[in-house]
Protein chains: 2
Amino acid sequence: MTDPKQGPHTHLPFDATFRATFRDLVLWRRDVRRFRTDPVPEKLLDDLIELATHAPSVGFSQPWRFVKVKSTERRRAVWENFAAANAKALENYDGQQRATYAGLKLAGLKEAPIHLAVFSDESSITGSGLGRQTMPETVRYSVVAAIQTLWLAARAEGLGMGWVSILDPAAVTRILDVPSGWTLVAYLDLGWPAEEHLDPELERHHWEARHYTGDLVFER
Amino acid sequence: MTDPKQGPHTHLPFDATFRATFRDLVLWRRDVRRFRTDPVPEKLLDDLIELATHAPSVGFSQPWRFVKVKSTERRRAVWENFAAANAKALENYDGQQRATYAGLKLAGLKEAPIHLAVFSDESSITGSGLGRQTMPETVRYSVVAAIQTLWLAARAEGLGMGWVSILDPAAVTRILDVPSGWTLVAYLDLGWPAEEHLDPELERHHWEARHYTGDLVFER
């Protein structure tokens, strides 16, 4: 056991094997849109949410609010909102790009057993405003950190997750009838994936290519 | 080896031991503000950034831009910007809360060997706008997902990271002289932590308490 003040590595069990597997986890996390319809245990979902609440939050504000969308009517209304927004988005593309867009599967809302909406409670006084006076957007960013934590934790359980951003956030907020002061950060679907892929759907279908990391790093 | 279409668990090596250690990683990740001053290998930082670029991004837009802030003058200017914003923030608190705030260490910018500014390139056409027409904020959210990935990966290496949000983002953007169209998402400092803690600084110093997860989960 190494004294954490003496060496770069801590006494915690994050060894080379763990780090290599963590890398695999990050690489194999996917935005899943093809789900099997068999159910996910409620306890598993609750455990994943609990772990996600250990994400960082500005001023320890813990602004994340998780809404399990179980009503058939509400789930259908959200799906219809997505379908309308997706049809409208298609209008922005022409020619080959339009054909490619039309062939992409961009959400699995119909099949996924779990719909989970994640909000930021902008009205909460938890944290007493610490750290967010000059960058108030960090409240919503905290919720995103929880979502990425949930995503990785779900993947480690073999569970797939998708983030559906092709929808009208104001309409979805109304559909879900949440307290005023809550901002929709993400609408997620979860379930057991029907396929496993190492490459993103949009890369596989030649919508977009991966950047070389060196092109994304600068010095000042 | 299980067929991924037959069972909840994939053929990937995310077993119970890995999942338990991943949980430890999430729990032991901290916003570190107390750094040792000894250097961090450049190769290690580059590897962490590379892994972070495997975070999800809306429409595979990969909008993250990482700026290593190496100039002594620029680092000092950012620290001065933080100090001014922090002094101003203190004015918002009274009595015991003011005394508590004044006693908190909210950034390690002076000691940390690495300053890393992370921007969102809002002008990039990568991804051709897919997924971000109704929720354009998902571009910046993608950058946050990369930051949380970097944070966990750094922690697995024993490295500490802090997110400094107490600064004027417009001023810091000017100090760093980056292309127009870039939005500052986070100013990070990294280094070997001088201490290890399981509880957040703000919880330890009684600024804020942890919520019970059940209070953060709702059904609709």
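Chain A, read along its sequence, runs α-α-β-α-α-β-α-β-α-β-α-β. That comes to 7 helices and 5 strands. Helices here are DSSP runs of H or I with at least four residues, strands are runs of E with at least two, and both are numbered from the N terminus.

A word on the ground rules. This is a predicted model, where local features need pLDDT of at least 70 and side-chain atom pairs count only at pLDDT 80 or more, while totals for chains, interfaces and linings use all residues. Residues are numbered from 1 along each chain as its sequence is written, chains are lettered from A and ligands numbered from 1 in the order written, and side-chain values use heavy atoms, leaving out hydrogens and water.

Back to chain A. Its C-alpha trace spans about 60 × 45 × 40 Å along the principal axes. Of its 220 residues, 59% are buried. Buried means under 20% relative accessible area, exposed means over 50%, and partly exposed lies in between, with a 1.4 Å probe and protein chains only.

Now the two chains together. 108 residues of chain B are in contact with 108 residues of chain A, contact being heavy atoms within 4.5 Å. Chain B and chain A bury about 9400 Å² between them, 63% of it on carbon and sulfur atoms. Buried area is the accessible area (1.4 Å probe) that two parts lose on being put together, summed over both. Phe60(B), Tyr141(B) and Arg220(B) supply 9% of what chain B buries against chain A, more than any other three residues.

How many salt bridges are there between chain B and chain A? The count is 6. A salt bridge puts a side-chain nitrogen of Lys or Arg within 4 Å of a carboxyl oxygen of Asp or Glu. Glu219(B) makes one with Lys70(A), with the closest N and O atoms 3.2 Å apart.

Next, the core. The largest nonpolar core has 84 residues, and Phe22(A) and Phe22(B) have the most contacts inside it. Such a core is a set of buried Ala, Val, Leu, Ile, Met, Phe, Trp, Tyr and Cys residues joined through side-chain atoms within 4.5 Å. Beyond its neighbours within four places in sequence, Phe22(A) contacts residues including Leu152(A), Phe18(B) and Phe22(B).

Last stop, Ser165(B). Where is Ser165(B) found? Ser165(B) sits in the loop between strand 3 (160-164) and helix 6 (169-176) of chain B. Ser165(B) counts as buried because its relative accessibility is 6%. Leaving out residues up to four places away in sequence, Ser165(B) touches Val58(A), Gly131(A), Thr134(A), Met135(A) and Thr138(A).
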